[in-house]
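Please look at the sequence and the structure, then read on.

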Amino acid sequence: MRRYGKHTDEDDIRSRPNRKGNRPRTHIRPKHEDAGEGLVLTVDRGRLTCLVEDRVVMAMKARELGRKAAVVGDRVALVGDLSGKKDTLARIVRIEERDSVLRRTADDDDPYERVVVANADQLAIVTALADPEPRPRLIDRCLVAAFDGGLTPLLVMTKSDLAPPDELLELYGALDIPYVVTSREELENGAAAGLVREHLDGKITAFVGHSGVGKTTLVNTLVPEDRRRVTGHVNAVTGRGRHTTTSALALPLSSEAGGWVVDTPGVRSFGLAHIDPSRVINAFPDLVPGTEGCPRACSHDEPDCALDAWVADGHADPARLYSLRRLLSTRERKEGD
């Protein structure tokens, strides 16, 4: 049935009014060329604390960014009131390209990946040598996430007065990971901060570790003027600690070289559902040439992998291949194994 006559005019055609106003929609977004540059320090319920020059500015994400979320460590562009005065709020209108990303999922079956921190140079994996006992599988998973995300790992072992570090050092020796060993006394008197700081100056370092290992205590000694949280205690029955850090927070190091420490919430699991195993080999540059003879889509942990013969011919240390395959298989093992 014809709705209009033969000779219709544009004025004759009814248009449905825009319920949200009369402005036409457009996909063209403003460039915000005059936006200020900032660094995201922490995120709390939709509010982002940013550092703009030497001012701390509260901001929210602009609607035009859609579902793209800013995380701690992101370099962002902001508009609006950038004075940092009380009760002012700026808008984040652009998230700059990231140099590195540390991601995790709740477990290996969870398709939703969470970005923990962006643009960090290294990942400090904090583990206690006792009380609670070390969890090598969790360390392995953190290493895989670091290698995949472009972060250099640093192993920090605490409570050496309760147990020696030899076993862990032997387990990770082939990976050539820099490490620091500290005792409870060194944590308390601040000596541990001096040992760790040598690896932090001039870098952005994210700290991860499960509860009770002394991670936040260490951060508190590194950045005493920004004391983070009260420390938790280890449950004598479960051997697990109480979470004392509830959100990631970037804190500046007070040193001539500068640098940032990012304290993250304690983790009890580190899912790797988002990890592409084929990228882990890139953290083993001495083994990469041996993969040229591998079959297509080789996981480097199967019978036809060319790395076996290549390493057997003396081109690389067998311990390095063992370490690679241990990390590749970590998704198939539970973290408490």
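How many disulfides does the count come to by the distance rule? A disulfide is taken here as a pair of cysteine sulfur atoms within 2.5 Å, and by this rule the count is zero disulfides. The sulfur of Cys294 has its closest cysteine sulfur in Cys305, at 3.8 Å, which is too far for a bond.

This is a predicted model, in which local features need pLDDT of at least 70 and side-chain atom pairs count only at pLDDT 80 or more, while totals for chains, interfaces and linings use all residues. Residues are numbered from 1 along each chain as its sequence is written, and side-chain values use heavy atoms, with hydrogens and water left out.

**Confidence and overall make-up**

The predictor's confidence in each residue is given as pLDDT, from 0 to 100. The protein averages a pLDDT of 83, and 81% of the residues score at least 70. Over residues 228–245 pLDDT stays under 50. For that stretch the model has 47 contacts beyond four places in sequence, a contact being heavy atoms within 4.5 Å.

The protein has seven helices and 13 strands. Helices (H or I, at least four residues) and strands (E, at least two) are DSSP runs, numbered from the N terminus. Of the 337 residues, 47% are buried. Buried means under 20% relative accessible area, exposed means over 50%, and partly exposed lies in between (1.4 Å probe, protein chains only). Among contacts with a separation of 6 or more, 64% are between residues 24 or more positions apart.

**Cores**

A nonpolar core is a set of buried Ala, Val, Leu, Ile, Met, Phe, Trp, Tyr and Cys residues joined through side-chain atoms within 4.5 Å. The largest one has 54 residues, of which Leu102, Leu123, Leu143, Leu287 and Leu324 touch the most other members. Helix α1 (residues 136–149) gives the most to this core, with eight residues. Apart from it lies another core, of 21 residues, which includes Ala193, Val196, Leu200 and Val261.

Beyond four places in sequence, Leu143 touches Ile125, Pro153, Tyr172, Leu175, Ile177 and Leu327.

**The aromatic pair**

Rings of Phe, Tyr and Trp (its six-membered ring) pair if their centres lie within 6.5 Å; planes under 30 degrees apart count as stacked, over 60 as edge-to-face and the rest as tilted. A search of the whole structure finds one such pair. The rings of Phe147 and Phe284 have centres 6.1 Å apart and planes at 65°, so this pair is edge-to-face. It links distant parts of the chain: Phe147 is in helix α1, whereas Phe284 is in the loop between β13 (260–263) and α6 (307–312), 137 residues apart.

**Accessibility of selected residues**

The table lists the relative accessibility of some individual residues.

| Residue | Relative accessibility | Class |
|---|---|---|
| Thr105 | 1% | buried |
| Cys142 | 2% | buried |
| Phe147 | 18% | buried |
| Phe284 | 0% | buried |
| Cys294 | 14% | buried |
| Ala69 | 45% | partly exposed |

Thr105 lies in strand β6 (residues 101–105). A polar atom of the Thr105 side chain is 3.4 Å from the backbone nitrogen of Leu272. Leaving aside neighbours within four places in sequence, the contacts of Thr105 include Asp110, Tyr112, Arg114, Phe270 and His274.

Ala69 belongs to the loop between β3 (55–61) and β4 (75–80). Ala69 and Ile95 are 26 residues apart in sequence, with their C-alpha atoms 8.4 Å apart in space. Not counting residues up to four places away, Ala69 touches Lys61, Asp74, Ile95 and Arg98.

Helix α5 (residues 215–222) has six of its eight residues buried, so it is largely enclosed by the rest of the structure. These are Lys215, Thr216, Leu218, Val219, Asn220 and Leu222.

Helix α7 (residues 318–328) is also largely enclosed, because eight of its eleven residues are buried. Among the buried residues of α7 are Arg320, Ser323, Arg325 and Leu328. What covers the buried residues of α7 includes α1, α2 (166–172) and α6. At the N-terminal end, Asp317 caps α7, with a side-chain oxygen 3.0 Å from the backbone nitrogen of Ala319.

How values were computed: A polar contact is a pair of N or O atoms within 3.5 Å; within protein, one must be able to donate a hydrogen and the other to accept it, and residues adjacent in sequence count only if both atoms are side-chain atoms.
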